[in-house]
Amino acid sequence: MMTTLYLASSSPRRQQLLAQLGFDYEILTPDIDETPMAGEPPEALVERLARQKAEAGLAMAKAPRPVLGSDTIVVLDDRILGKPRDRADALATLASLSGRRHRVMTAIALATDSGTRSRVVTTEVEFCALTREQIEAYWDSGEPADKAGSYGIQGLGGNFVRAIFGSYSAVVGLPLVETRELIQSL
């Protein structure tokens, strides 16, 4: 029997990835505060946010179904690179990633009436060296404006990725293998 669940995310990328797994789902969009707590390590932050999204979604749900929550962060030298505030922030972020490796952490959480289970998947991504012109042209494309770390690997930002060590789908926003395992463990 196919599991029907809720996805606590409005991200089109997460919706496409979950559909790729073949699960039936409906969208919930809980509103949670994503501000890091003082001294909170990146892995703890991303897991907390995924759990909060799933649990807030469970509170909103109209039917007794599992709720999948997810969150993705980009981390460079233990510094969390969020969505860019503006053009200058995006240009600085992309320049800091140029020619370097960084980590992308995606947490998934599955909330049910009997509790919440979660996992964090960490992938290393290595960028090639970028010129100022490449960075500015990428910003001008409009793609990085709403992306953690100011890039999307599944779009034009993928042109900057020299190597990836781990889960590609986790960098996009939903680790396929781990998500399937978590849902099937119900």
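This is a predicted model: local features need pLDDT of at least 70, side-chain atom pairs count only at pLDDT 80 or more; totals for chains, interfaces and linings use all residues.
Me: Which residues of α1 meet which residues of α6?
Reply: From α1 come Leu17, Leu18, Gln20 and Leu21. From α6 come Leu176, Thr179, Arg180 and Ile183. By class, five are nonpolar, two polar and one charged.

Me: Why is α3 called oblique to α4?
Reply: Helix α4 covers residues 132-140, and α3 packs against α4 at about 135 degrees. Roughly perpendicular ends at 115 degrees, and roughly antiparallel needs over 145. The angle of about 135 degrees sits between those limits, so α3 is oblique to α4. The axes are 10 Å apart. This crossing is right-handed.

Me: Which residues make the contact of α3 with α4?
Reply: On the α3 side they are Arg87, Ala90, Leu91, Leu94 and Ala95. On the α4 side they are Arg132, Ile135, Glu136, Tyr138, Trp139 and Asp140. Seven residues are nonpolar, none polar and four charged.

Me: How do you know whether Asp78 is buried or exposed?
Reply: Asp78 has a relative accessible area of 60%. Exposed means over 50%, so Asp78 is exposed. Asp78 sits in the loop between β3 (67-76) and β4 (79-81). Its phi is positive, about 65 degrees, although Asp78 is not a glycine.

Me: And what makes Ser150 count as buried or exposed?
Reply: The relative accessibility of Ser150 is 0%. Buried means under 20%, so Ser150 counts as buried. Ser150 lies in the loop between α4 and β7 (161-165). Phi of Ser150 is also positive, near 65 degrees, in a residue other than glycine.

Me: Which residues touch the most other members of the largest nonpolar core?
Reply: They are Leu18, Leu68, Phe127 and Tyr151, in a core of 32 residues. Helix α3 (residues 87-97) gives the largest share of this core, four residues. Apart from this core lies another, of nine residues, including Val46, Ile73, Met105 and Ala109.

Me: What is Leu68 in contact with, leaving aside its neighbours within four places in sequence?
Reply: Among its partners are Leu5, Tyr6, Leu7, Ala8 and Leu18. Others include Ile108, Leu110, Leu174 and Thr179.

Technical notes: Residues are numbered from 1 along each chain as its sequence is written. Side-chain values use heavy atoms; hydrogens and water are left out. A nonpolar core is a set of buried Ala, Val, Leu, Ile, Met, Phe, Trp, Tyr and Cys residues joined through side-chain atoms within 4.5 Å. Buried means under 20% relative accessible area, exposed over 50%, partly exposed in between (1.4 Å probe, protein chains only). Helices (H or I, at least four residues) and strands (E, at least two) are DSSP runs, numbered from the N terminus. Contact means heavy atoms within 4.5 Å. Ala, Val, Leu, Ile, Met, Phe, Trp, Tyr, Cys and Pro count as nonpolar, Asp, Glu, Lys and Arg as charged, and the others, Gly among them, as polar. Axes are lines fitted to C-alpha atoms, for helices over the stretch in contact, and angles run from 0 to 180 degrees between N-to-C directions. Angles under 35 degrees count as roughly parallel, over 145 as roughly antiparallel, 65 to 115 as roughly perpendicular and the rest as oblique. A crossing is left-handed if the near helix is turned anticlockwise from the far one by less than a right angle, and right-handed if clockwise.
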